[in-house]
Amino acid sequence: MRGDSDAYQTVPRAIGVMPKTYEAGATTGWHSHPRAQLLYATAGLTLVTAEDGTWILPAQHALWIPPQLFHEVRMHGKVSMCSAYVAPETVGVLPKGCRVLQVTSLLASSMAALAAEPLLYDESGRGGHLAALILDEIARAPETPLTLPLPRDPRVRRVCEALLQDPASPLDLDGWAQRSGASRRTLTRGFRTETGMSFGDWRARLRVVRALAMATDGCPPHQIVRAVGYADLRALRVAAERILGGASSSWR
């Protein structure tokens with residue numbers, strides 16, 4: 001029963017914790033879960049994409065995914081993860097949308113301990129106590145900025161999708177306005193309203209996210225810099241420190 005991921009969606013317990021490993025380059029394909037999922041990367045790097053955003057998960061970070069949200073997970077490097085599937089009736093006090101959370105040592109230890117318990121753990125014993133602790137720690141976990149929101153406005157979305165295909169594009173906002181058929185003012189307002197970022201900040205975050213994934217895949221620095229449109233490695237590192245803070249140290 002431990003190897004059957006479907007069992008974690010129907011088990012009569014508040015939480016089921018499933019460890020799993022993936023080879024480099026693996027993908028889950030588009031799917032959803034009846035339960036909420038805390039997708040915790042214990043090693044390697046994953047990129048999770050849904051309709052409204054892309055999230056990057058270095059080791060020691062987790063993504064909270066609401067129930068029934070279609071998403072895809074891509075692995076960069078060999079990935080070890082530990083997923084906590086949370087019953088919908090317990091989600092009321094937990095995040096409503098996708099959030100990248102920093103995993104505390106207590107949360108990590110509690111998830112590993114519950115994963116070692118039987119799937120039908122004793123709710124009044126150690127398993128039940130661990131499940132309650134995990135819920136508390138998820139609610140308290142600090143959010144991190146490792147997200148790339150995608151707009152719904154089709155004009156702004158076209159620009160974002162083009163940049164996802166070519167992060168190194170030298171086009172500025174005026175160039176994208178001309179290509180997309182939207183005014184500069186429309187794109188400026190669209191990025192601010194729908195992503196909470198300026199065009200420049202969104203593009204910089206995209207480039208850092210792509211660089212992080214490429215580094216985990218083993219690409220050499222000079223190739224990464226060229227692929228994401230920075231003049232040199234120093235400029236990329238400065239951008240990474242600004243956007244990721246301590247998380248950037250995992251790829252430099």
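Predicted model: local features only at pLDDT ≥ 70, side-chain atom pairs only at ≥ 80, totals over all residues.

In what do the side chains of Lys78 and Glu23 meet, and at what distance from N to O?

Reply: Residues are numbered from 1 along each chain as its sequence is written, and side-chain values use heavy atoms, with hydrogens and water left out.

The side chains of Lys78 and Glu23 meet in a salt bridge, at 3.9 Å from N to O. Lys78 lies in strand β5 (residues 71-86), and Glu23 sits in the loop between β1 (15-22) and β2 (36-50), so this pair ties together parts that are 55 residues apart in sequence. A salt bridge here is a side-chain nitrogen of Lys or Arg within 4 Å of a carboxyl oxygen of Asp or Glu. Helices (H or I, at least four residues) and strands (E, at least two) are DSSP runs, numbered from the N terminus. Side chains of opposite charge can pair when their charged atoms come close.

Are the two partners buried or exposed? Lys78 is exposed, at 54% relative accessible area. Glu23 is exposed too, at 52%. Buried means under 20% relative accessible area, exposed over 50%, and partly exposed in between (1.4 Å probe, protein chains only).

The structure holds 11 salt bridges. Another of them joins the side chains of Glu143 and Arg99, at 3.7 Å from N to O. Glu143 is in the loop between α3 (126-140) and β7 (147-149), while Arg99 is in strand β6 (residues 99-102). This pair links distant parts of the chain, 44 residues apart. Glu143 is exposed, with a relative accessible area of 52%. Arg99 is partly exposed, at 31%.

Next come two helices. Arg242 and Asp201 form a salt bridge with their side chains, at 3.8 Å from N to O. Arg242 belongs to helix α9 (residues 233-244), and Asp201 belongs to helix α7 (residues 199-216). They are 41 residues apart, and again distant parts of the chain are linked. Arg242 is exposed, at 55%. Asp201 is partly exposed, at 34%.

Now look at helix α4 (residues 154-165). It has 12 residues and reaches 16 Å from its first C-alpha to its last. That is close to the 16 Å expected at 1.5 Å a residue, where the expected span is 1.5 Å times one less than the number of residues. Val156, Arg157, Val159, Cys160 and Leu163 are buried in α4. They cover an arc of only 160° around the axis, so they lie on the same side of α4. The arc is that of the directions from the helix axis to the C-beta atoms. Pro154 and Gln165 are exposed on the other side of α4. The buried residues of α4 pack against α5 (173-180), α6 (184-195) and α7. Contact here means heavy atoms within 4.5 Å.

Last, the cysteines. How many disulfides are there? The count is zero, with a disulfide taken as a pair of cysteine sulfur atoms within 2.5 Å. The sulfur of Cys82 has its closest cysteine sulfur in Cys98, 18 Å away, so that is too far for a bond. Cys82 is buried, at 8% relative accessibility. For Cys98, the closest cysteine sulfur is in Cys160, 17 Å away, also too far for a bond. Cys98 is buried as well, at 14%.
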